Every structure is written in structure tokens, then in C-alpha cells.
Amino acid sequence: MTSVTDHKYIARALQLAERGLYSTDPNPRVGCVLVRDGVVVGEGWHQRAGGPHAEINALQQAGAQAAGATAYVTLEPCSHHGRTPPCSTALIAAGVARVVAAMQDPNPRVAGSGLQALQQAGIDTASGVLGAAAEALNPGFVKRMRTGLPWVRCKLAMSLDGRTAMASGESQWITGPDARRDVHRLRARASAILTGIDTVLADDPALTVRLEEPAETAVRQPLRVVLDSRLRMPAAARLLGLPGETLLLTGVTQLEQHARLARAGVTLATLPLQAGRLDLAAVLRHLGELELNEIHVEAGATLCGALLRAGLLDELVVYMAPHLMGDAARGLFSLPGLEHMAQRLNLRVTDIRAVGDDWRITSTVSDAVKGESKE
């Protein structure tokens, strides 16, 4: 049985877990609070992959006071040896009396075995406290563990009349500086930034994270993923000379054609084609196999529309600017074949907020849309 107190301390553990928003990939963001006799004796969060887990950091802070305490953790303590020893073993050794987890670990290597190990050691356990909030903090990790696929978030910027660029292709800048800074925070939490070769050729983007926050929030550069079915990437592209790594996915199988870009430091992988374009489902399976949790898409209407039609987008983040660009300007998605109201693709808006002079609208793609797209 759980209590209001349990909710209070799990909420605090979630705050701690969020401190690892930019740095734990491919691991989940996890926080832990140790409470003894109503007093917090230790706090910790997972700071980076390969480093101590949240429970270990909290136990180190608590020291001997961990004995008899309740451990509040946002994800079931692990029970297997990975880069670090099992956290369930450490909690048992520390003599904690109770463990409350926000959610069970979806990792098949854990999946309840961590809580079971604690129970077998005589420790009282509970789970499911603020579980939805804990899952929302790690959508990519949870989805990848359950399906093998990453969470795909598509970022778009548009005018009030739904336009993303002038007819000439000019698009800088639709939104204001506050919205653009917000986009860098979205990029920073992603495992990879994905775009298409047409965007690279048209805009020569950097696709890097540029944050102005203090040094303690310094983050790694997400992997840059470019879909280039015919291997048109120029070796002089700006993103190839910037910090971070670039993965190019292509349908070209001739290795001698790969050599030009390999010399520029690009990692290449060949994937199957469908009607001359990369099989997007195969793309996401490949990215899941690389242990990428969250994919941040910044691309044109063709690729964004193809991902939406294929039922492969999980979330849309649209920045809407208070100006009009006219009916000749370009739209958000290429969605041919939608002719009747019954064919509309339904979204569920989860958040709307002002970001400077612009509005950010976050929505998820309904399961009905995904199901229909995959038929």
C-alpha cells in the first residue's frame, strides 16, 4: 500500500532524475531519495552512462543512515551486471527497509526481477507510484525496451497559416530566438537528430546542440543521422566538420562509393529500399539496434509526411509564429491522397505554451492513425 508521503518523495525523485535529461543516454533517467524517520538522508540521480546509478549515489550520500530507510526510486532497481553492479544488491547490502519504485523496468533483463530480489531479502516493496510521470520522463527507453524501436519526435516551425518556408525555400527565421533556444533543448535530450539529404543540400544545416545554460548542463552532441538513398552527400557539407558523429543511411551497396564519405569521417550503413527510397521502418529498426532512445526529426515536408503516413511518428512539436506567409508558401507535411474529412489524421494535444512571441504545441499521434498507416 502506498501513501501521500510516497507520492511526495517519488515526485522529488523525479525532479532529481530530470537532471540527467541530457546525459544518461542510452540509459534511462533515474532519481532516488532515501528517507529515514521522515528525514531525507540521501539523494542521487543517474548522471551519465557508465557512471554510478541513482541508487548508488544516494547510498553514498546517506552512508550508515541508509540502514532502515525507505528508498524512493523512479525506476525499479536493476538486478543484472551491466557496466555497473546491480542496484538491488547494493540496497540489500545497505540494509534499507523498504523500496518504492515509480514503475517496473521494461528492460527484459530486469522486468520485475529487481523487486523480486528485494522481496526475497525481506525488504518491503511497492511500485506504480506516479508511474505515468516516470514513463513520460523516459519515452524512448521505455518504447525501445518494449518494441525495439526508438521514440520519434518531429519538430516543425510554421507561420500562423501553417507554412514552413516561402515558395523559394527561404525559411530563416520563422520563429523567434526564444523558440530557437527551446529547440536546442529538445535536440540535447535526443539520442540522434535525423534529417533527409534534401534538407542537407538545401540548407546545409549544422544539426548540433548549442545551449547557453551553465557548464553543469553541458551535454554530448547527439548522433546526426542523414537518410541519403542515392549517396548524394557532399564531402564539404557543414555538419561533417562539426563536433559529434554522423551516420549516413543509404541504399547504395557499392563500397567504393562509400569510401569518399568514409574518408570524411562518416559512418555508413546500407539499408533496403522501397520504391527507390529507404524503408523507414527498417531505418528505425536499425536505430533501435544502435540503442538510440529518442530520435529528433528536423526535415522537410516529404520525409516528415512519409514518417507520419507510415505510422512511425510518436510526437509532434510544432512552433507557431504570429505571422502569415501566404498560400504559395510551403506546408508542414506532404500527405497526398487525403481528400475527405474522414481521412484526417487525428492528433492528441498534450501541451500548449508560449515560448517568447511564439507558441509551442506538443501532440502525440493517435494509435488509430498508426494502425491505419501500417495496414
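1. Setting aside neighbours within four places in sequence, the contacts of Arg36 (contact meaning heavy atoms within 4.5 Å) are with Val41, Ala64, Gln65, Ala67 and Ala69. The model is a predicted one, in which local features need pLDDT of at least 70 and side-chain atom pairs count only at pLDDT 80 or more, while totals for chains, interfaces and linings use all residues. Residues are numbered from 1 along each chain as its sequence is written, and side-chain values use heavy atoms, with hydrogens and water left out.

2. Arg36 belongs to strand 1, residues 31-36; strands here are DSSP runs of E with at least two residues, and helices are runs of H or I with at least four, both numbered from the N terminus. Its relative accessible area of 32% makes Arg36 partly exposed, a class that falls between buried, under 20%, and exposed, over 50%, as computed with a 1.4 Å probe on protein chains only.

3. Arg36 and Ala67 are 31 residues apart along the chain, and their C-alpha atoms are separated by 8.3 Å.

4. An open sheet of 5 strands runs in the order 2-1-3-4-5 with mixed pairing, where two strands count as paired if DSSP finds at least two bridges between them. Its edges are strand 2 (39-45) and strand 5 (124-127), each of which pairs on one side only, and the twist averages 15° from one strand to the next. Helix 4 (residues 113-120) lies across strand 4 and strand 5, at about 155° to strand 5; axes are lines fitted to C-alpha atoms, for helices over the stretch in contact, and angles run from 0 to 180 degrees between N-to-C directions.

5. Within this region, strand 3 (residues 70-73) and strand 4 (residues 98-101) pair in the parallel sense over 4 bridges. Thr70, which lies in strand 3, has Arg98 in strand 4 as its bridge partner. Thr70 is buried, with a relative accessible area of 14%, and, not counting residues up to four places away in sequence, Thr70 touches Val33, Leu34, Val35, Arg98 and Val100.

6. Strand 15 (residues 315-321) is mostly covered, with 7 of its 7 residues buried. In a regular strand the side chains alternate between the two faces of the sheet. Here Glu315, Val317, Tyr319 and Ala321 point one way and Leu316, Val318 and Met320 the other, and all are buried. Strand 6 (residues 151-159) runs parallel to strand 15 and is joined to it by 7 bridges, with Leu156 partnered by Val318. Strand 18 (residues 358-365) runs antiparallel to strand 15, with 6 bridges, and Trp359 in strand 18 stands opposite Met320.

7. With a disulfide defined as a pair of cysteine sulfur atoms within 2.5 Å, the count comes to 0 disulfides. Cys78 is in none, the nearest cysteine sulfur being that of Cys87 at 3.7 Å, and Cys78 is buried with a relative accessible area of 8%. The sulfur of Cys304 is 3.5 Å from its closest cysteine sulfur, in Cys154, which is too far for a bond; Cys304 is likewise buried, at 0% relative accessible area.
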